[in-house]
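Please read it alongside the sequence and the coordinates.

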Amino acid sequence: MTELEQFLTGRIWLRDFMPFAQKEVDAAISAGKIGIKKGITENKECARCLEKSPQKIISFYCANCQGICYYCRHCLKMGRISSCTELIYWADPSPNPQSPHSFTWNGVLTNAQQRASDEVLESLSLNQSHLVYAVCGAGKTELLFPPLAKALEKGQRVCIAAPRTDVVLELSPRIKAVFPDTVVHTLYGGSPEETGFATIVVATTHQLYRFEDTFDVIIVDEADAFPYSCDPSLERAVMKAKRSEAPIVYVSATPSDRLLKEISKQSRIFSRFHGHPLPVPRFQSLWNYKKTFARNKIPILLTRWIEDRLAKKEPFLVFFPTIELIEQVVPLFKMLNERIEAVHASDPGRKEKVMKLRKGELPGVLTSTILERGITIPNIQVAVVGADESIFNASALIQIAGRAGRAPDFPAGDVVFFHNGIVRQMDKAKRQIISYNRGEFV
Ligand SMILES: [Zn+2]
Ligand SMILES: [Zn+2]
């Protein structure tokens with residue numbers, strides 16, 4: 001395989017944005033190695049993200065083709081696609097390169113993990129999709145290692161997709177460590193360029209728009225938003241990137257009802273790998289906390305909770321419903337300890353702050369829901385401020401509570417939901433966690 005073929009196999013890419021010399025690309029097109037598609041089809045559908053709603057496919061006067069053109073607003077961030085831009089793909093793919101893989105994991109699965117792992121293997125051998133429904137801290141990633149190793153052994157190309165960059169960044173090094181001889185690409189918005197033919201792609205779901213008909217297995221991690229009607233783009237991206245008959249392994253701690261109904265092959269793990277129960281959240285009223293913050297004070301019960309963590313040197317996360325509130329209160333928390341930091345989705349320093357929290361260089365972090373999943377920090381203590389706000393639905397609250405008590409040395413961990421009145425989603429989350437601990441399904 002030439003470098004050009006390695007890059008383009010399985011991909012669909014803007015011709016103008018190829019990281020190769022134009023001459024080389026043009027030669028491959030002339031030789032029929034590379035195919036070309038129009039960016040927006042005659043039916044006004046985006047060929048990259050398959051968007052076709054008239055609200056997203058917008059007409060404009062195009063200087064390039066001197067007439068009316070359409071562009072896709074949905075995938076605009078990946079470089080504008082319009083009727084007169086060209087997408088290219090490798091038209092004549094070779095079989096996946098058969099390079100040897102090694103599998104260097106020597107951990108031990110719990111009985112529950114082992115059973116689920118075997119069940120996933122069996123489904124994949126029958127080309128059937130599978131749902132792993134496992135609580136936070138069940139050890140979902142480890143149980144996927146043997147099925148992944150099997151797929152590589154069969155010469156398959158595998159994708160692990162997760163909805164958020166944070167999750168991708170946590171997963172990718174673990175995969176690379178277990179499969180040290182395998183080319184693994186890590187793709188997310190703004191990720192550094194990768195070279196070679198990746199047998200494993202770890203990517204945010206949106207990056208899958210740039211692939212077509214290529215993966216033999218797709219693992220959809222954190223799949224609870226999938227296949228939600230409110231985010232059909234996620235589903236489209238996965239379906240487009242995989243080969244038509246390729247099975248999907250869905251992994252979730254809080255799967256949607258639809259997923260539970262539609263995927264008949266399922267494994268369920270309601271206990272953590274270390275055998276200790278999930279920390280059950282406790283409810284604590286924090287009446288009119290917004291007014292207290294507005295007077296530049298932290299509510300006394302919250303102050304006590306933070307001071308308690310600082311005194312015991314326990315790392316903590318405090319979740320807030322809005323970025324505005326976080327920005328308003330950061331200075332107040334810095335008066336308790338100046339090293340307390342805040343993160344949110346558009347914070348470029350997010351990765352670094354989480355790393356510092358993990359290393360014990362920060363005492364605690366105030367956060368939006370962005371850190372509700374994918375984060376594992378030993379002995380972390382968790383508080384939610386405004387757990388009654390609608391942004392914290394039961395799934396989000398279960399995920400947040402699931403940050404605590406993950407390490408075998410610190411299996412307990414405090415989880416407190418500060419609220420201004422208990423709401424149904426809080427009750428639902430708590431009931432569900434208790435039922436997991438009993439090994440029941442609600
Ligand atoms: Zn598009
Ligand atoms: Zn045009």
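Helices here are DSSP runs of H or I with at least four residues, numbered from the N terminus. In this predicted model, Gln-22 is found in helix α2, which spans residues 22-30.

**Gln-22**
- Gln-22 has 10 C-beta neighbours inside 10 Å and therefore counts as exposed, the cut-off for that class being 12 or fewer.
- Between Gln-22 and Thr-165 there are 31 Å in space, C-alpha to C-alpha, for a separation of 143 residues in sequence.

**Nonpolar core**
- In soluble globular proteins, nonpolar side chains tend to be buried together.
- The largest nonpolar core holds 124 residues, and the members that touch the most others are Ala-161, Ile-218, Tyr-250, Val-385, Ala-401 and Phe-418.
- When neighbours within four places in sequence are left aside, Phe-418 is in contact with Gln-284, Leu-286, Tyr-289 and Leu-302, and also with Ala-383, Val-384, Val-385 and Ala-387.

**Packing of α12 and α13**
- Helix α12 (residues 394-401) packs with helix α13 (residues 424-437) at an angle of about 50°, and their axes are 8 Å apart.
- Because of that angle, α12 is oblique to α13, and the crossing of the two helices is right-handed.
- On the α12 side the contact is made by Ala-394, Leu-397, Ile-398 and Ala-401, while α13 contributes Gln-425, Met-426, Lys-428, Ala-429, Gln-432 and Ile-433.
- By class, the residues of this contact between α12 and α13 comprise seven nonpolar, two polar and one charged.

Methods: Residues numbered from 1 in each chain as written. Chains lettered and ligands numbered in written order. Predicted model: local features only at pLDDT ≥ 70, side-chain atom pairs only at ≥ 80, totals over all residues. Core = buried A, V, L, I, M, F, W, Y, C linked by C-beta atoms within 7 Å. Buried ≥ 20, exposed ≤ 12 C-beta atoms within 10 Å, placed from the backbone. Contact = placed C-beta atoms within 7 Å. Axes fitted to C-alpha atoms, helices over the stretch in contact; angles between N-to-C directions. Parallel < 35°, antiparallel > 145°, perpendicular 65-115°, else oblique. Left-handed = near helix turned anticlockwise from the far one by under 90°. Nonpolar A, V, L, I, M, F, W, Y, C, P; charged D, E, K, R; others polar.
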